[in-house]
Amino acid sequence: MSQDNKKVTVETTGHVWDDDLQELNNPLPRWWIWGFYITFTFALVYWLFYPAWPIGHTYTKGVSGLNNVTYVATKVDGTQETKTTHWNMRSKLMVEMNELKAEQKPFFDKVASKSFEDVSKDPELMQFVNSAGKTLFSDNCAPCHQAGGQGKIKFAPNLTDDHWQYGGTYENIETTIIAGRNGMMPAFKAILSDAELTQVSQYVLSLSGEPHNAAAAKLGDAIFHGDKAGCYACHGADAKGNIAMGSANLTDKIWLWPDVIGAKTPEAKLTEVKTLIYGGMNKGVMPVWSTRLKPEQIKLLTVYVHDSLGGGK
Amino acid sequence: MSDQAENSLYQKHIPIVTRSVKGQFRTFKTAVMLLAYSVYFLLPWMPWQRVSAASQAILFDLTSRRFFIFDLIVYPQDIFWLAMLLFIAAALLFFVTGLVGRAWCGYFCFQTLWSDLFIQIEHLIQGERPARLRLQKQAWNLEKVFKIGLSHALMILVSFWTAVTFACYFSYAPTFVLDFFNGTGVSGGYFAVLVLTVLTYMAGGVAREQICLYACPYARFQGVMYEADTLAVTYDAKRGEGLKGRTIPIQGLKTHEERTAAGHGDCIDCGFCVQVCPTGIDIRNGLQYQCISCGLCIDACDNIMDSVGYPRGLIRFDSERNMARETPQAPKVMWKRFKVLGYASALLLMTSVLFYNIGTRSDTEVNVQQVRQPLYVMLSDGSFRNRYLIHIVNKAESDEIYAIDVEGISPRSLDMRFFKAVSIKAGKGLNMNAVVNLSAEDASKIDTFNFVITRASTKEVMKVKTNFNSPREHD
């Protein structure tokens with residue numbers, strides 16, 4: 001059978017162009033049409049029940065009382081406020097955040113009620129410290145100390161090594177977080193001559209076994225322990241620093257302000273140290289966190305820094 | 001192809017009203033159905049002693065992300081068992097289909113089982129085929145409303161219980177059912193039961209064979225697995241049609257001898273084979289994709305052959321090759337074929353691998369992850385520190401103590417703080433910080449070492465090889 005013989009039985013709209021060009025009128029399936037109408041009805045009901053239409057500076061808020069959402073919001077000053085609003089995605093998110101905070105609360109309470117040692121002995125609590133601490137650290141500490149706590153040379157100390165400028169016990173770390181720190185070193189450009197600066201720098205390098213000029217270092221030793229420069233007053237006669245004031249231990253391999261490890265040649269290492277003694281340093285600032293974090297958050301962070309990052313000593 | 005078929009892409013559904021039948025295949029079908037339903041509906045109620053979860057023999061616990069299958073506990077990380085299981089299911093389907101055709105479709109498929117049950121409900125309420133046809137043509141009077149309403153109400157009830165049972169596999173059945181009917185169950189439970197009730201009723205009660213004809217992919221691709229030796233439901237056309245075709249036993253064509261003499265075959269064209277077919281086809285037109293291979297037409301024909309005194313087997317399970325023979329032999333399962341043996345060996349191999357794998361599974365899972373921020377730390381004395389996160393999962397049904405040690409470096413280099421030995425609860429995992437310090441000299445020589453985790457109760461030892469990073473000359 002050929003296609004030509006088939007009669008067109010489909011309804012047309014009656015429009016004819018170019019003598020024989022007709023517009024067929026194929027009605028949509030009934031189920032489709034009904035589905036279409038149902039979406040209209042659905043939209044109308046939705047507009048009534050939920051916030052939908054923008055009107056100038058405001059909008060329709062749905063049927064009040066039907067889909068209200070209540071949540072607790074924490075204001076900037078730390079006070080809490082219970083809010084009830086019409087249904088919206090943000091308030092739903094707030095409700096979920098409230099629920100999650102409530103789930104976290106027993107763990108925070110447990111951390112707050114136990115001693116540092118007891119927290120670190122409790123394997124399940126330490127698991128919470130590991131994950132909640134990571135979040136707190138990422139939100140508050142990572143901008144300076146970096147995501148893994150590895151710090152940044154000439155900027156923020158490494159929290160994963162065993163050197164603690166202000167002490168690495170739980171109490172020391174907690175004090176540092178609560179009250180902040182303000183590390184500085186005076187400039188010696190007006191006190192020491194260029195030759196003296198070189199000598200004392202050679203001495204400092206010799207303390208940690210870096211390549212140095214032994215003769216110059218010997219002279220530097222005298223300057224270090226002499227009253228003109230008075231380096232020993234802060235760094236100690238044994239040059240091991242003082243955690244009470246945060247002066248650096250010059251005898252270990254760890255450097256924060258001069259990049260001695262990164263400098264490859266002895267000359268570059270010398271320049272690093274000398275530049276610091278010449279100009280001093282005034283940016284060892286750790287902010288105060290007691291006004292921004294809650295005591296239990298600070299306590300958890302202390303355990304995180306001490307146990308998860310690798311404090312101690 | 002007819003004009004009508006060409007004009008319409010939509011096939012109007014002609015309701016299939018099947019006649020009930022007795023016979024060996026019907027008995028087998030009923031037996032499978034009884035067994036399958038008893039397992040499906042009763043299994044969630046089977047108790048099983050457990051420590052870390054509800055006492056239910058089969059429990060797919062989504063909240064704790066564990067599947068409990070009797071004494072086997074399946075964790076998400078055992079997902080490859082599912083891959084093996086799917087492979088085994090596929091190989092089994094190929095193997096069976098290659099041997100005896102679509103046995104899955106005819107006797108075991110859920111669609112077939114539930115459709116069959118719903119047809120039997122109709123039969124129970126509305127009577128045999130002629131009565132049901134009469135009822136369909138009848139005007140909507142009280143009797144019709146009652147009978148059709150009751151049978152559909154029963155189908156919905158069965159669908160509902162099917163759905164509730166399904167949900168019971170994912171939750172502790174007694175509390176789930178109690179909470180469900182008290183109105184205190186979780187919303188997800190109600191939603192699942194609603195959706196499954198509707199789907200079961202729609203598929204088994206309304207769509208029925210249309211699922212097999214239009215929706216099911218297996219129905220279509222199983223045809224590919226048929227070979228010349230595969231047993232399929234076959235109408236013996238040579239015997240049935242004779243020389244002059246089939247005919248009803250009118251006067252003078254009643255006995256076998258009369259029919260043979262007149263050149264007519266054994267088929268008396270009673271139409272019973274068509275009336276009993278759940279997909280509404282006429283098997284005498286040959287093998288068709290609609291045939292689910294349930295064998296009910298064989299039962300129907302055998303009964304008729306018995307009553308008219310002709311030999312059985314006008315319709316039978318037989319192979320294409322056998323039918324093509326001059327004198328067909330007795331049909332038998334031809335398993336000595338390359339494909340069938342191939343499927344069988346794949347099936348056997350994979351099943352033994354799966355069982356071996358499950359049998360030798362460890363109750364402990366250890367995972368060591370290196371902390372990469374920073375990769376290493378130089379300490380004040382010039383030695384190097386690497387840090388690790390150790391994750392131990394205790395899959396056993398009892399609390400366990402694990403001791404953590406190292407191999408390949410000095411035991412003193414490992415600092416686990418308070419967790420050299422740690423207790424982990426049944427079915428739980430634990431993350432621990434591990435610190436390893438190596439002197440500069442050791443660090444320059446050592447690239448890798450092992451963490452050694454010992455399970456206290458069984459002395460089972462697990463070693464995890466891991467890297468130690470430190471700056472090197474070539475860095």
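This is a predicted model: local features need pLDDT of at least 70, side-chain atom pairs count only at pLDDT 80 or more; totals for chains, interfaces and linings use all residues.
## Domains of the two chains

Chain A is divided into domain 1, which covers 69–112, domain 2, which is made up of 114–180 + 287–310, and domain 3, which covers 184–286. The centres of domain 1 and domain 2 of chain A, taken over C-alpha atoms, are separated by 25 Å. Where these domains meet, six residues of domain 1 of chain A are in contact with nine residues of domain 2 of chain A, and the residues on the domain 1 side of that contact divide into four nonpolar, one polar and one charged.

For chain B, the assignment gives domain 1 as 14–45 + 101–225, domain 2 as 231–324 and domain 3 as 364–467. Between domain 2 of chain B and domain 3 of chain B, the centres, again taken over C-alpha atoms, are separated by 75 Å.

## Contact between chains A and B

Across the two chains, 19 residues of chain A are in contact with 20 residues of chain B. On the side of chain A that touches chain B, at least two residues are supplied by each of α3 (116–121), α4 (123–140) and α11 (295–310) of chain A. By class, that side of chain A has three nonpolar, ten polar and six charged residues.

## The pair α4(A) and α11(A)

Two of the helices named above also pack against each other: the axes of α4(A) and α11(A) come within 9 Å and cross at roughly 105 degrees. Because angles of 65 to 115 degrees count as roughly perpendicular, α4(A) is roughly perpendicular to α11(A).

From α4(A), the contact is made by A:M126, A:V129, A:N130, A:A132, A:G133, A:L136 and A:F137, while α11(A) brings A:Q297, A:L300, A:L301, A:V303, A:Y304, A:D307 and A:S308. Taken by class, the residues of the contact of α4(A) with α11(A) divide into nine nonpolar, four polar and one charged.

## A loop residue of chain B

B:K459 is found in the loop between β13 (448–455) and β14 (461–467) of chain B. Is B:K459 buried or exposed? B:K459 has 7 other C-beta atoms within 10 Å, and since a residue with 12 or fewer counts as exposed, B:K459 is exposed.

In sequence, B:K459 and B:Y402 are 57 residues apart, whereas in space they are 9.4 Å apart, C-alpha to C-alpha.

Notes. Residues are numbered from 1 along each chain as its sequence is written. Chains are lettered from A and ligands numbered from 1 in the order in which they are written. Domain bounds come from an automatic or database domain assignment. Two residues are in contact if their C-beta atoms, placed from the backbone, lie within 7 Å. Ala, Val, Leu, Ile, Met, Phe, Trp, Tyr, Cys and Pro count as nonpolar, Asp, Glu, Lys and Arg as charged, and the others, Gly among them, as polar. Helices (H or I, at least four residues) and strands (E, at least two) are DSSP runs, numbered from the N terminus. Axes are lines fitted to C-alpha atoms, for helices over the stretch in contact, and angles run from 0 to 180 degrees between N-to-C directions. Angles under 35 degrees count as roughly parallel, over 145 as roughly antiparallel, 65 to 115 as roughly perpendicular and the rest as oblique. A residue is buried if 20 or more other C-beta atoms lie within 10 Å of its own, exposed if 12 or fewer, and partly exposed in between; C-beta atoms are placed from the backbone.
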